Amino acid sequence: MHTLSATDLVAIVQGMPQPYLILDADLVIVGASNAYLALTDRTLDDIVGRSILEAFPENPEAAGTVEQGPLEVSLRHVLATGKPHEMAVIQYDIPQPGGGFVQKFWTPIHTPVAGADGKPAFIIQNPMDVTESVLKAREADARLRVALHAADLASWEYEPETDLWRRSGAVDLMFGFEPGDGGSVAAPFFARMHPDDLVRVRETVDSVIASPDHTVMNFDYRILHSGKVRHVASRGEVLRTSTGKVRMIGVLMDVTADREREAALSSALDEKSELVAQKDLLLAEVNHRVKNSLQLVVSTLRLQARRLEDPAVAETFDRAISRVRAIISVHEGLYRDQNSLAVNMAEHLDKLCRDITVAGKTEIELDIDDIALTTERAIPISVIVSELIHDLPNHRSGGGRVQVALKRRSPSKCVLSVRSDEVASSSSELSQRLIDSMASQLEGTILHPEDQGFWAITFPAEAH
């Protein structure tokens with residue numbers, strides 16, 4: 001039997017068809033495959049014996065875009081945990097022998113190799129070149145950036161396992177950093193959150209780690225810097241990697257002006273009752289702005305959905321759009337109505353169900369009492385009705401008939417019921433979680449959950 005010598009092992013590594021770079025525990029390059037050398041236009045003499053951060057320096061002409069920081073965070077994480085780590089897409093330009101850089105985008109995978117003591121002695125980097133696909137997607141990305149800018153939104157991406165925190169320059173400015181100066185991890189940003197809000201934000205992040213993809217996160221918090229307070233609203237969702245690692249993506253909106261106006265208005269209302277009209281106007285303006293921002297989210301989702309080829313993923317996007325539309329309808333009714341504090345449920349559910357009927361082919365009958373509910377009650381009801389109807393197997397093909405009723409059983413109690421003449425298909429985990437969450441927000445009690453053809457909930461007309 002032939003025994004492999006050190007020379008044989010070096011030859012095998014160099015002959016591997018995939019690009020591989022081998023680092024020691026000090027992040028010094030000790031070897032590479034020929035495929036890696038060809039990909040980066042390097043020789044072994046150029047890189048062996050040098051730190052990876054020195055052998056492949058940042059492109060000075062692309063300051064703030066080359067992501068050397070996250071690369072080092074990933075490598076240090078592998079050394080500390082002894083576990084592989086797959087990075088998201090990063091820009092890391094390659095220096096050319098004759099001078100200058102060539103723009104490149106990668107998705108590196110870092111795999112530890114244990115030494116005799118069981119600790120990582122080496123790291124194998126497998127950098128997948130995704131430059132072509134990234135450049136092809138630039139038009140859609142540009143449209144998304146325009147949409148975010150128009151809505152005064154800043155984008156972010158967070159990886160709880162490594163604390164990697166990637167974001168647009170607008171996020172740095174909100175936290176009081178110059179773009180790019182905040183570093184590669186989230187710790188400096190968490191340090192500037194209001195202590196009373198930080199605990200709640202961390203609880204929200206921890207609560208969704210085990211949740212499925214597309215689980216929605218909503219949290220508002222305050223930023224403290226240089227003696228000033230900034231209010232931000234953050235919305236995001238879970239998006240796992242191919243290996244199941246949790247990432248979170250989302251947007252931030254600076255709502256300081258809104259909070260300050262609300263605070264000033266609340267103080268003034270204590271002194272002058274005539275300012276109630278101004279409060280109604282402000283609430284209508286806020287509802288109009290929320291509706292427009294959510295409509296922009298729907299437009300962005302539709303833009304992305306057009307590029308999808310997988311029917312299952314496309315259906316997920318359609319359901320997401322329907323959920324957002326259910327919320328939009330509440331805010332649209334508020335700013336159009338003279339009363340910006342309550343929703344006329346008969347008019348609202350009639351419009352919502354007509355929209356659902358247009359999108360599908362379900363026949364919907366309504367029996368709605370003359371009831372006006374606050375936004376906090378109208379939104380959960382809208383989401384529940386939308387989810388239950390969309391779960392019907394014949395919603396898009398036709399033939400289904402649904403009865404939706406909202407009745408006042410007493411001055412303080414209401415009952416929402418949805419009855420169908422067909423058995424609803426099994427709800428997805430996300431759909432069931434949304435329904436249960438909305439029922440909890442209503443402080444309601446679900447009735448007859450065992451009958452899939454009839455669903456009802458009794459809830460207080462006003463929050464306790």
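1. Strands β9 (residues 153-159) and β13 (residues 246-254) are paired in the antiparallel sense, with six bridges between them. Within this pairing, Trp156 faces Gly250 of β13. The structure discussed here is a predicted model, and the points below should be read with that in mind.

2. Strand β13 has a further partner in β12: nine bridges join these two strands, which run antiparallel. Here Arg235 stands opposite Val251 of β13.

3. As to the overall composition, the chain contains 16 helices and 20 strands. It has 464 residues, of which 42% count as buried. Of the contacts between residues at least 6 apart in sequence, 55% join residues at least 24 apart. The chain exposes about 24,000 Å², and 54% of this area is supplied by carbon and sulfur atoms.

4. Strand β15 (residues 363-368) pairs with strand β17 (residues 401-410) in the parallel sense, over six bridges. Leu366 has Val404 of β17 as its bridge partner. Strand β17 also pairs with strand β18 (residues 413-420), in this case in the antiparallel sense and over eight bridges. In that pairing Ala405 stands opposite Ser417 of β18. Two residues lie between β17 and β18, and the two strands form a hairpin.

5. Which residues touch the most other members of the largest nonpolar core? They are Met345, Ile381, Leu406, Leu416 and Phe459, in a core of 33 residues. At least two residues of this core come from each of α14 (345-359), β15, α15 (375-390), β17, β18, α16 and β20 (454-460). The most is given by α15, which supplies eight residues. Apart from this core lies another, of 24 residues, which include Ala186, Phe190, Val201 and Val246. As a general background, nonpolar side chains in soluble globular proteins tend to be buried together.

6. Because 15 of its 16 residues are buried, α15 is largely enclosed by the rest of the structure. Ile381 illustrates its surroundings: leaving aside neighbours within four places in sequence, Ile381 is in contact with Met345, Leu349, Leu373, Leu416, Leu442 and Phe459.

7. The buried residues of α16 are Leu430, Ser431, Ile435, Met438 and Ala439. Just after this helix, Glu443 takes a positive phi of about 55°.

8. Asp41, although not a glycine, has a positive phi of about 55°. Asp41 lies in the loop between α2 (34-40) and α3 (44-47), and its relative accessibility of 41% makes it partly exposed. Ser226 is another residue other than glycine with a positive phi, near 55°. Ser226 belongs to the loop between β11 (216-225) and β12 (228-240). At 62% relative accessibility, Ser226 counts as exposed, since the cut-off for that class is over 50%.

9. Is Thr256 buried or exposed? Thr256 is buried, because its relative accessible area of 12% falls under the 20% cut-off. This residue is found in helix α11 (residues 256-271). Not counting residues up to four places away in sequence, Thr256 touches Val229, Arg230 and His231.

10. How many disulfides does the structure hold? The number is zero. In general terms, a disulfide is a covalent bond between the sulfur atoms of two cysteines.

Key:
Residues numbered from 1 in each chain as written. Predicted model: local features only at pLDDT ≥ 70, side-chain atom pairs only at ≥ 80, totals over all residues. Heavy atoms only, no water. Helix = DSSP H or I, 4+ residues; strand = E, 2+ residues; numbered from the N terminus. Buried < 20%, exposed > 50% of the residue type's maximum accessible area, 1.4 Å probe, protein only. Contact = heavy atoms within 4.5 Å. Areas by Shrake-Rupley, 256 points an atom, 1.4 Å probe, with all protein chains shown as cover. Pairing = 2+ DSSP bridges. Core = buried A, V, L, I, M, F, W, Y, C linked by side-chain atoms within 4.5 Å. Disulfide = S-S within 2.5 Å.
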